[in-house]
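Have a look at the picture first, then read on.

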Amino acid sequence: MKQAFSSPLQKTPRTSRTLRRSLWGVLAATLALAVAATAWAYWRARACLPQLEGTLHISGLAGRVEVLRDGHGVPHIRAQSPEDLLFAQGYVTAQDRLWQMDLSRRLARGELAEIFGERALQLDVENRTLGLWRACERAVSELNPDSQRMLTSYARGVNAFISTHQDRLPIEFLILGYQPRPWQEVDSFAVAVNMAKMLNTSWHEDLMRERIRARVAANLYADLFPDHSPLDRPVAELPLGLGRKPAAPASASPQADLDPVLAALLALACPESPRAGLGSNDWVVSGSHTASGKPLLANDPHLGHGVPSIWYMIHLKAPGINVSGVSLPGLPAVIIGHNERIAWGVTNTGPDVQDLYIETFNPRAPSQYLHNGQWIDGQVREEAIKVRGQADHRLRVCVTRHGPIVSQEGNRHLALRWTALEPHALSFPFWEIDRAQNWPEFLTALRGFVGPMQNFVYADVDGNIGYYAAAWVPIRRQGDGTVPVDGSIDDYDWTGYIPFEDLPHAFNPASGVIATANGRVVPDGYPYLITRSWESPYRTARIYQLLEAGGKFAVDDMLKIQSDIHAIYFEWLAKQLLAAAAQHPLEGSDPQFALGALKSWDGEARANSPAPLICRVTDRALYDRILKPKLGEDLSGYSWSMSRVFIQNVIEDRWARWLPPGDPDFNVTLVKSLEAGVRQIPSLVGSADHSAWRWGDTILLTFHHPLGSLPLLGRLLDVGPFPQAGTQTTVKQTTPSVGPSMRMVVDFGDLDDSVQNITLGESGQIFSPYYRDQFEAWYEGRSLPMAFSDAAVERATIHRLVLEPGGKS
């Protein structure tokens, strides 16, 4: 008789029921823990929301301060002294944006890897090599007493918030497991230098130009990099006051009337964002063009998108100052805005303020480099970069007379000279700008602005309009700074800066219109070099087209122009394609559909339109077809701002030297590019159906939070995705990562009729009602009232917080 054995895997009904009960118990316990954890996280995130009403007693204040917030959380601060005003600005900004501020200073210090790990190490290495933090520390030592008081007051306000909220800090500090250090004056400089780097970094283009110059003949190289277009609208007036002695060289001290405090106009956006594609619009029209008979000024800077918004809207009022606009979290004062008498806006000029020098090092003494036949000791420093979860990264930096070595390939060492790293280069005149009452006072304040160079447009209550491009722009002994040059001799050194009086400017032009959009601003005959790499002229041309169409403008008209999506370049390309197809008919359903879409298109880059998508893929294919025979199959490293002007020149002028091999004429080039482009569309849209050819779905916009990649958190912290209208060259500049960072229209007919909004909201805290409450208006091209008078502010107030002296220090 066989003996029966019981397997341990065999379960009796009783054991099965017991196991099921155990599993259900474990599941219930796990679910309860998850619910509890979610509830705790929700409570913790809400607990860190700032107090917006009532009274707070705060150590460090000398007098009573009121913080009135409107329906979008915008603070209107009223204080009895400038010091208390800036203290309150620091406190209130920290209420909404403390973690963003901390991230900004960590970026400049090269300390992101300490909290984010290895993925942020390259940024830290780059900024440590440049010595951004050292430049900030030097700037503090250069402060005059008034500037010192301004920054100190702001820092004390930030620290008053930090010290009283150690257990209620923004949720990001808890997630990453660290506490913020006290805010110092130097930290405000960090915010400034980050944006200077993003707006003025051009040395990578110098390397690209050098590679191209080595591959093509001189005439082809000149073709590739045009610095003029028939669409240019230079705004600077001639004659200028020429013949003056150039401004002091970089090693000299600034003039006595300069106010060294911070060099920033914009703020930390997306540090990974390349300079290419960044742009802005600003314009001003005199009263002869407006319904009110007073000037209108409009500005919409285009920067990298992220969470929270780059800008922070604020209204500051105390004896001697009453200014409203946008600030940068971490910096005192208002950067773009208006006071009772003047208004100003800015766009990036894009000057070439970075040069690369090929340094020769001594093979027997690696820290020595050659200068005029002599070996000179370089400055060498060793730094340790903390990396989360890993050992410290050791970094060796060598600095020559030109600047730090930023690139090394074999025995080739490239040093970078950049205005932002020069002594006295970090200056911050916005406190003076905020208080200026007229054009002469505005110019006096601008003398202290060292960079990044901006196109300032101006208007005032007296009906004046003006323009000034202010900053340090180097004068070179030889060369134009577009490619690396020999650093062992003095031939290519800087000899000084363009004198302030000779910088591009205009005042009350006869046309009554001034507009800039990063294109060429100087006319032929301007005697100094600003750059060889202006941005393409299409946005500028379209703005002038709309402003010169006639009529009397009001605020709503300015908003419509800011939201304009008429694609001048794509419209030109569509006409070229249709003309080419008439000579060389196309076959196949996709090319035929594409031609039909282009034929009926009105040039508006709507989100649901197929035409912009057809133009975009064809544009890329055309670029490849023309350039690859000259530059090789891999074009990934080639991108520059005027490349579309180059393409226009080739097609319109029929430059045979650029005709692709095998193409009998450029009409064939165009139709073959169209065929190649439309073949890519089904994979781009995920469907072969022509109804899926929607432009906006291929440039989806998502505002990413730095922690948005963490599981579950992304859905809470990120905002998007959303389809978009517009293109990179429309007035409403549109890409998946760059676009209008704020909109402002100032109406001197009645300042209370002015409008302004940012991308998402005032708060960086996820459960705040002001985290993304402005997004809908921004997305739809609308804006929000910019209350300014006491009566308008009172009507708009929904939160009233009083800050009283006292409390724990």
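**Strands and their partners**

Strand β5 (residues 296-304) pairs with β28 in the antiparallel sense over 4 bridges. Strands here are DSSP runs of E with at least two residues, and they are numbered from the N terminus; two strands pair if DSSP finds at least two bridges between them. This is a predicted model, where local features need pLDDT of at least 70, side-chain atom pairs count only at pLDDT 80 or more, and totals for chains, interfaces and linings use all residues. Residues are numbered from 1 along each chain as its sequence is written, and side-chain values use heavy atoms, with hydrogens and water left out.

**Around β28**
- Across from V746 in β28 you'll find L297, while A298 has V745 as its bridge partner.
- β28 also pairs with strand β29 (residues 755-758), antiparallel over 4 bridges, and there M742 stands opposite I758.
- All 6 of the 6 residues of β28 (residues 742-747) are buried, so the strand is largely enclosed by the rest of the structure. Buried means under 20% relative accessible area (1.4 Å probe, protein chains only).
- In a regular strand, side chains alternate between the two faces of the sheet.
- Both faces of β28 are covered, with M742, M744 and V746 on one side and R743, V745 and D747 on the other.

**Around β5**
- β5 is mostly covered too, with 9 of its 9 residues buried.
- Strand β4 (residues 279-285) runs antiparallel to β5, joined by 7 bridges, and S280 stands opposite P301.
- Strand β27 (residues 738-740) is also antiparallel to β5, with 3 bridges; here L303 faces G739.

Definitions and conventions:
Buried < 20%, exposed > 50% of the residue type's maximum accessible area, 1.4 Å probe, protein only.
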